[in-house]
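Have the sequence and the 3D view open side by side. We'll walk through a few spots together, one at a time.

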Amino acid sequence: MDWLLILCSLVHLFVCPFTKVEESFNLQAIHDILYHQTDIQKYDHLEFPGVVPRTFLGPVVVSVIAAPFVAVSRVLEFPKDVSLYLVRFALGALVLWPLLKLQKRIKGTLGKGTSDWFVLITVSQFHFLFYLSRPLPNTMALPLVLFAYYYWLGQQHGKFIACSAAAILIFRGELAILLGLILLGELLTRRLSLFKTVFIALPSGFLCLFLTVLVDSFFWQRLLWPEGEVLWYNVVLNKSGEWGTSPFLWYFYSAIPRAMGTSLALLPVGMFSERRVWPLVLPAVFFVLVYSFLPHKELRFIIYVIPLLNIAVATACNRLWENRTKGKWFALMALIAIGHLVANLVLTSFLLVVSRANYPGGEALFLLHKMESRKSNVTVHIDVLAAQTGISRFGQLHNNWMYDKTENLKPGSPELRMFSHLIVEAKSKHGYNLRPYTETHEIVAHIEGFSHIRSSYHHFPPIRIKTKPCLFILKNKYLPKEPEFSFTLRKHPVEAAEESLPSATEFDERNHFDGEGPDAFKSAGNAAINEATGPLFLSQDHQILFKGELQTKLTMKLVALFTVCIVTVLQVEANAERATVTDAELKALSQQLHIDDVNAVQGIVLNMQSTTTSGSTTDRAPMPLFSSVPADAFSGPTISALLALFDNYDENCKVTEVVTAGETAEDNAFLDAILDTSVMQQAHQFLVSKGLANADIAVFKEYLRQIWLGQYNRGGGIEGSSGLEHIFLGEKDGNSISGYHGWIKFYRDEQAGRMNYLGYMKKIDIGVSSVIEMPMNWDGLYKSISSISVSGSPEIELAVATVCFLARPNAKCPLLGADGTPYAYQTYTLQYNGKTYVGSAYPTY
């Protein structure tokens with residue numbers, strides 16, 4: 001699925017290459033670092049500093065990544081605007097790197113199905129991939145936020161805190177709310193201690209603060225902590241509202257629905273069906289709620305929560321898809337999961353077509369370069385609207401041309417008559433702004449801007465985007481022989497608001513719907529388009545025509561392109577999956593392993609008695625489960641090695657396990673005994689053939705030691721659990737039973753009067769062994785449902801569980817018993833300190 005994210009990100013990049021005003025600081029900074037390096041006086045930010053300063057650390061990192069590619073493009077004499085693509089690709093790669101790592105973490109935590117759905121949902125939505133390569137301040141923080149998520153889900157708290165500190169202190173202070181809520185959850189559940197938090201947070205914070213002050217003071221030529229000034233401006237002075245305000249709940253009823261599309265409808269399903277996503281969703285929701293108190297709102301301010309919400313949606317889609325064969329209603333729900341992706345893709349393609357036309361300034365400058373010779377002596381003045389909608393230093397292709405963005409010059413002023421060309425805003429060629437140029441300039445081209453959306457039920461799709469003139473390119477008919485440009489040297493204190501584009505009213509747009517549809521639909525549709533992309537513009541001249549049928553065709557082409565990308569990658573993934581492990585291979589292997597299980601205990605007699613139900617505490621079985629067990633049942637080499645481990649563990653998983661040298665020797669003896677069996681050797685060979693295990697038996701042994709015997713934290717900040725203890729012996733977690741799927745431990749506890757067999761819910765024979773599903777009462781603690789496989793040896797349980805853990809993590813693994821009876825093994829992974837352990841594994845149906 002990695003390539004699907006990359007391909008769809010490239011589609012967004014190439015369809016919409018230009019950038020807007022809120023991206024200008026980072027983009028101009030990257031340009032200046034690449035092209036001016038240490039010559040700070042040539043940097044754009046000294047002439048156009050913006051409302052608040054921003055850090056140079058992000059642009060420095062992106063520039064370092066892009067620099068080799070930009071150097072090659074310069075050697076090959078590619079146009080300068082090629083560097084814009086390279087820079088955006090470098091930034092996109094910087095975001096995709098942790099996103100792909102997060103996807104793999106999801107695979108290890110929630111299973112491959114959920115991981116795949118997460119990718120499909122992400123690429124089907126518009127905003128996240130659209131922002132992914134855009135040099136916004138929020139995008140600069142996004143890699144650190146995604147890395148923080150990755151380390152959080154892997155329980156690598158030190159790295160999580162370090163990434164959080166960098167994201168908050170260097171890039172976006174408001175992330176203290178989101179990442180702070182996550183940290184608070186870890187502290188409350190005692191997975192992380194307060195001492196460790198302070199021990200890591202303080203030096204990390206001081207280091208990040210020192211780094212940003214050092215670097216940014218150099219570039220800004222004064223002592224400065226940029227994010228500190230931003231927080232003061234937005235929070236203390238509360239001036240962000242000067243650039244527009246929105247209702248308190250705007251993020252919930254407008255921003256999040258647009259960012260997630262139809263996926264939002266499946267979010268409650270994911271939360272209901274998979275409780276493990278609650279710790280992901282709740283911090284995201286509370287962050288948005290708290291951040292809503294700031295009056296100025298933009299979707300990009302909360303873009304960080306979209307991956308967390310998409311994980312919950314992915315669990316819902318995966319559950320619906322896995323259950324598709326259980327009946328007609330389940331099949332219908334699976335179709336809904338697929339259908340919502342199609343709906344998202346259609347919406348994304350439409351918004352991408354609209355957004356492509358959202359950069360008239362970039363289109364105008366591109367057109368001017370095509371119209372005028374490179375060798376001509378062009379001096380062009382760029383007005384505010386053009387500068388805010390796509391023009392950057394990367395678009396200034398020719399060194400011998402003069403590009404000027406001096407502000408506050410009146411139309412027709414003597415200063416503007418010094419330029420050979422003007423890119424100016426006007427509503428029409430008879431507009432007020434163009435009247436002063438009637439005698440002195442000629443109109444050589446114009447770029448059309450968004451006017452309104454028209455609905456028509458006689459066309460498909462039933463929407464038409466209507467345009468009107470927006471920018472005009474004027475050519476001076478009476479250029480002075482010796483133009484004077486001293487006025488361009490004055491400084492410009494403000495380029496535009498950092499936090500927002502000028503509003504639609506500032507552009508004097510009168511957006512409206514007309515057509516055949518209901519009025520409510522018209523208003524809602526128009527508002528949705530405005531909120532999705534801001535003021536919309538479409539370019540038009542003798543070479544560029546972007547209306548009606550062409551818009552429809554481009555939308556359909558984009559839908560087809562996204563579909564081809566998704567189908568191609570899915571096919572490759574399916575082929576790779578088939579090449580790895582198929583259900584048929586798992587069934588054949590498991591049946592052979594059961595047949596070769598020579599250490600299975602023969603002759604066990606069970607007294608099943610009455611059936612019961614899950615949740616029933618009534619004892620429906622007055623007699624023990626085990627009526628008779630052979631005297632030599634536990635004399636086999638692997639069972640005796642397992643029994644030696646029973647006294648090495650504390651049953652309370654909230655008590656730290658202390659491993660002695662003698663216990664380590666017993667662990668080694670158990671692993672050696674297991675690996676000496678034909679069952680485990682076959683399992684190892686199978687995993688090696690599928691590329692899932694190392695061929696070196698010593699390396700494989702250490703891997704088994706990690707996933708089965710490695711200690712980890714199940715909560716409370718205590719390393720008091722392991723896969724083997726949880727499954728083969730069972731654990732006590734407060735007043736509840738955790739795990740307990742070993743028949744040998746069940747028998748011994750029943751003999752000791754510690755286990756009360758209450759009856760069974762289901763039993764199937766799989767040859768010598770039997771899989772039993774039942775409630776249990778252990779030392780007075782009740783578990784409503786558990787399962788054990790009676791008679792099998794430790795190696796058969798360890799072998800099939802290990803194979804399923806690697807081939808079908810966090811999913812039901814289809815198996816066969818020795819007699820061909822089908823059953824399954826459910827495994828769960830657990831991430832702790834960057835490593836993956838067996839969280840649980842048990843036989844089921």
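At what angle do helix α25 and helix α28 pack, and how far apart are their axes? Before the answer, a word on what you're looking at. This is a predicted model, where local features need pLDDT of at least 70 and side-chain atom pairs count only at pLDDT 80 or more, while totals for chains, interfaces and linings use all residues. Residues are numbered from 1 along each chain as its sequence is written, and side-chain values use heavy atoms, with hydrogens and water left out.

Now the answer: α25 (residues 697–709) and α28 (residues 794–807) pack at about 90 degrees, with their axes 12 Å apart. Axes here are lines fitted to C-alpha atoms, for helices over the stretch in contact, and angles run from 0 to 180 degrees between N-to-C directions. That makes the two helices roughly perpendicular, a label for angles of 65 to 115 degrees. On the α25 side, the contact (heavy atoms within 4.5 Å) is made by Tyr703, Leu704, Ile707 and Trp708, and on the α28 side by Leu798, Ala801, Thr802, Phe805 and Leu806. Eight of these residues are nonpolar, one is polar and none is charged.

A salt bridge means a side-chain nitrogen of Lys or Arg within 4 Å of a carboxyl oxygen of Asp or Glu. Glutamate 702 is partly exposed, at 42% relative accessible area, whereas arginine 705 counts as buried at 18%. The cut-offs are under 20% for buried, over 50% for exposed and partly exposed in between (1.4 Å probe, protein chains only).

The structure holds 27 salt bridges, and some reach across the sequence. Arginine 54 is in the loop between α2 (24–35) and α3 (57–75) and glutamate 227 is in helix α11, so the pair ties together parts 173 residues apart in sequence. Both of these residues are buried.

Now look around helix α11 (residues 226–236). Its buried residues are Pro226, Glu227, Gly228, Val230, Tyr233 and Asn234, and they pack against α8 (157–171) and α10 (194–220). Just after α11, asparagine 238 takes a positive phi of about 50 degrees.

The chain's mean pLDDT is 85, and 88% of its residues reach 70 or more. Be careful with residues 490–550, though, where pLDDT stays under 50.

Key: pLDDT is the predictor's confidence in each residue, from 0 to 100. Helices (H or I, at least four residues) and strands (E, at least two) are DSSP runs, numbered from the N terminus. Angles under 35 degrees count as roughly parallel, over 145 as roughly antiparallel, 65 to 115 as roughly perpendicular and the rest as oblique. Ala, Val, Leu, Ile, Met, Phe, Trp, Tyr, Cys and Pro count as nonpolar, Asp, Glu, Lys and Arg as charged, and the others, Gly among them, as polar.
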